[in-house]
Amino acid sequence: MKPSALSFLLGSLLLAGGVHATAAEHVHASHAWIRVLPGTLPAGAYVTLENDGDQPVALSGASSTVYADVMLHHSSTAGGMSRMTMVDALTVPAHGKAVLAPAGYHLMLMQASAPVKPGDTVKLTLTFTDGSTLPTDFIARPANAMDAGENHAMPPMEHGAMPHDSGH
Amino acid sequence: MKPRHRLRATLLLLLLVTGLLLGGCQHDAPLPFRLTNISGHMPDLDFHLTDDNGKAVTGADYRGKVVLLYFGYTHCPDVCPLTLAQLHVVMQRLGPLADGARILFVSVDPARDTPAVMHAYVKAFDPRAVGLVGDARKVEALSKRYRSAFTREPSSADGAYEVSHSSAIYVFDRDGKARLLATPSASRDDLVHDLHLLLATGASQ
């Protein structure tokens, strides 16, 4: 996760002709929210990542001062069974986006050092496979929320990004 | 029209109306469901578990309510809360009718889910949700009854683990008869539509 300065420099030169700096600089995060569950239960965090760069980037996870442990996970339903698997990295295509949304990719947040309540803002630092980081504010939402709660301000196309609304 | 014909026509009309009225009351009248109809293909609602207030309950305690049965666990941060949040939205859309329905959330993680943990969890979603716990044997009996399954995955170094589980939502009518099968990705419109049909059939006589 922490490439040496040399390989980092080489990577930058090779991939981006020396113009592009880091993955994080090309990524814009939006609709960042956390579904808060009671007590010390693990919570899911969701965000939409847009990459305006000419090269794909990959999210490898996140860190937080509030949660001791954060893991990138993927939920799947196959053969009528729901399961969760750990994911090493999630690619954000060049000039494309990756959506972390319920029933798909999410960050699993564990061991909160202090209770997080709906309405709180929690900073998670997204980390990319090139070692760059993107501090992002996540809004804490109630357990029974369906989304980031900002639909009215959303561009219409963002709605289709939620897997569970896509069938309607 | 001759009087005799008029009488016959009136009788026919009466028969037709009576038939319609009776049809509306019968349980086996085919209801125009949108979700998968499992009427007659799954056993009646029956279990012996403990509710989230610590009280021993059986399937019979929920006769008179339309029941939405779902298996999951509280340490599930993504699909279980999403499903319960979806069901909460459905209940909200049913308005006061929702009082005739109950969401039964059965834990497939007896080691970690106590009635107290379940109570805080289900009430965070919907006031009509009930958390049910029981020892592994009892939960397995209920799960097998509906051809559902769950598997505890290997623990990580810190002792945390996930439980893979069937994602289906089973819907029972007020008489405890299995009627519908829904997936978490079922459209909320379809759920609302079909629950309206089941709630409109009234309590069992």
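I take two strands as paired if DSSP finds at least two bridges between them, and helices (H or I, at least four residues) and strands (E, at least two) are DSSP runs numbered from the N terminus.

I note that this is a predicted model, in which local features need pLDDT of at least 70 and side-chain atom pairs count only at pLDDT 80 or more, while totals for chains, interfaces and linings use all residues. Residues are numbered from 1 along each chain as its sequence is written, and chains are lettered from A in the order in which they are written.

I looked up the pairing across the two chains: strand S5 (residues 81-86) of chain A and S8(B) run antiparallel, joined over 2 bridges. I found His165(B), in S8(B), as the bridge partner of Ser82(A).

I then listed the whole contact (C-beta atoms, placed from the backbone, within 7 Å), to which chain A gives 26 residues and chain B gives 28 residues. On the chain B side, helix H2 (79-94), helix H3 (115-123) and strand S8 (163-166) each supply at least two residues, and H2(B) gives the most, with 7 residues.

I turned next to each chain by itself. Chain A has 2 helices and 10 strands, and I read its order as α-α-β-β-β-β-β-β-β-β-β-β. Of its 168 residues, 38% are buried (20 or more other C-beta atoms within 10 Å of the residue's own, C-beta atoms being placed from the backbone). For chain B I recorded 5 helices and 10 strands, with buried residues making up 40% of its 205 residues. Among contacts in chain B between residues at least 6 apart in sequence, I noted that 71% join residues at least 24 apart.

Technical notes: Contact = placed C-beta atoms within 7 Å. Buried ≥ 20, exposed ≤ 12 C-beta atoms within 10 Å, placed from the backbone.
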